[in-house]
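Hello,

Here is the structure we talked about handing over. Please have a look, then read the notes below.

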Amino acid sequence: MHLITEYHASSADHETKFEGHLELELEDDKVWLFHVGLFGITKQYINDVGEPAGFDIDILNAVCRIAGKNCKTVYDVTTNCVHSVGKEPPRGGFGMMAGWYEGCIGWRVTTERKLFFDFSDEYEKSITQVFVSLPGNPGNFDYRDLTGKKIGFVDGFSSSEQCVADNYADTIIGADIPPENVVRCPGIDGCIQALRNNEIDAFFISTAVTGGRTDVEVVSELLPSCWPGGCALMARKDSRVLEWFQPALRKLMSSPEYEEICQNIIDEHGDQPGRGPDEMCFKFRGNDNIKGGQ
């Protein structure tokens with residue numbers, strides 16, 4: 001406290017330097033918190049010892065290690081990252097806007113989300129979308145005609161009713177789904193439960209969460225991506241996290257370690273549903289390339 005008084009008593013320059021030095025020291029000790037949604041797929045899930053695991057977590061851990069930062073993950077519902085209400089555009093979720101964490105890892109880069117959040121470089125490829133029903137398609141759902149059908153959408157996900165209306169009107173009858181037939185689900189499991197309760201006829205979702213699942217069945221062809229962007233760290237616009245995350249991520253992706261993390265999708269996370277490394281990773285060539293790179 002005496003030191004602060006001395007610097008205040010000398011000059012504004014010294015005061016600014018001291019405060020800047022103190023800010024850097026505090027930031028060096030900072031614990032950086034990151035949201036994980038734990039979707040139960042190769043991207044994010046809870047492992048056998050009750051810890052977050054998956055491709056996104058491996059990327060996050062590697063970036064934090066390269067940057068020399070103390071990072072921790074926080075599980076929370078996905079709607080606290082991005083939230084949607086009716087046919088209104090999506091908006092920043094309460095957890096992100098309130099500063100509960102610096103960013104949400106593994107979120108898709110979209111034009112709408114860029115209005116309220118910033119993104120790192122993409123480290124995962126773009127994804128396609130599908131309509132999904134229960135195994136055996138007991139309601140004989142036909143995705144080519146949505147007239148009068150109740151369709152589920154996971155709240156906050158980019159696979160939205162607006163995505164259907166804007167991109168598939170030429171190939172799907174009734175693509176502009178009226179609000180009364182749009183059902184918001186609190187997560188993927190919420191949509192599955194809505195199917196079982198006959199509250200919806202099908203739900204619309206990305207293929208990132210359908211691969212390898214036995215509790216649902218894809219009942220459409222693979223539909224082109226609504227957004228060209230892949231997945232990245234999504235951060236608040238007032239956060240300084242991208243100042244160190246971005247260069248560390250670029251260093252990771254130009255190294256053999258990125259390929260190793262991609263191979264771990266099979267070796268470490270292959271018992272989970274979801275996409276494989278060929279679908280997720282840029283320029284993935286498998287084990288032979290990893291050994292050669294080392």
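What volume does the second largest pocket have? The answer is about 200 Å³. Please keep in mind that this is a predicted model.

That pocket is lined by 13 residues, and S133, G139, N198, I200 and D201 are the closest to its centre. Its lining divides into 5 nonpolar, 4 polar and 4 charged residues.

Now the largest pocket. About 260 Å³ of space lies in it. Its lining has 14 residues, with G37, T78, P186, G187 and I188 closest to the centre. By type, the lining of the largest pocket splits into 7 nonpolar, 4 polar and 3 charged residues.

The volume of the largest cavity is about 190 Å³. It has 15 lining residues, and K43, G106, I127, F157 and S206 lie nearest its centre. Strand β7 (residues 103-108) gives the largest share of that lining, 3 residues. The lining of the largest cavity holds 8 nonpolar, 4 polar and 3 charged residues.

Last, a sheet. It is open, with 5 strands in the order β11-β10-β12-β9-β13 and mixed pairing. β11 (182-185) and β13 (217-218) are at the edges with a single partner strand each, so one side of each has no neighbour in the sheet. Within the sheet, β10 (residues 151-154) and β12 (residues 202-206) run parallel, joined by 3 bridges. Opposite G152 stands F203 in β12.

Best wishes

Terms used
Residues are numbered from 1 along each chain as its sequence is written. This is a predicted model: local features need pLDDT of at least 70, side-chain atom pairs count only at pLDDT 80 or more; totals for chains, interfaces and linings use all residues. Side-chain values use heavy atoms; hydrogens and water are left out. On a 1 Å grid over the protein atoms alone, a cavity is a set of points where a 1.4 Å probe fits but cannot get out, and a pocket is an open set with protein on both sides within 12 Å along at least five of seven lines; lining residues have an atom within 4 Å of a point. Grid points are joined across faces, edges and corners, and a volume is the space filled by probe spheres set on the points. Helices (H or I, at least four residues) and strands (E, at least two) are DSSP runs, numbered from the N terminus. Ala, Val, Leu, Ile, Met, Phe, Trp, Tyr, Cys and Pro count as nonpolar, Asp, Glu, Lys and Arg as charged, and the others, Gly among them, as polar. Two strands pair if DSSP finds at least two bridges between them.
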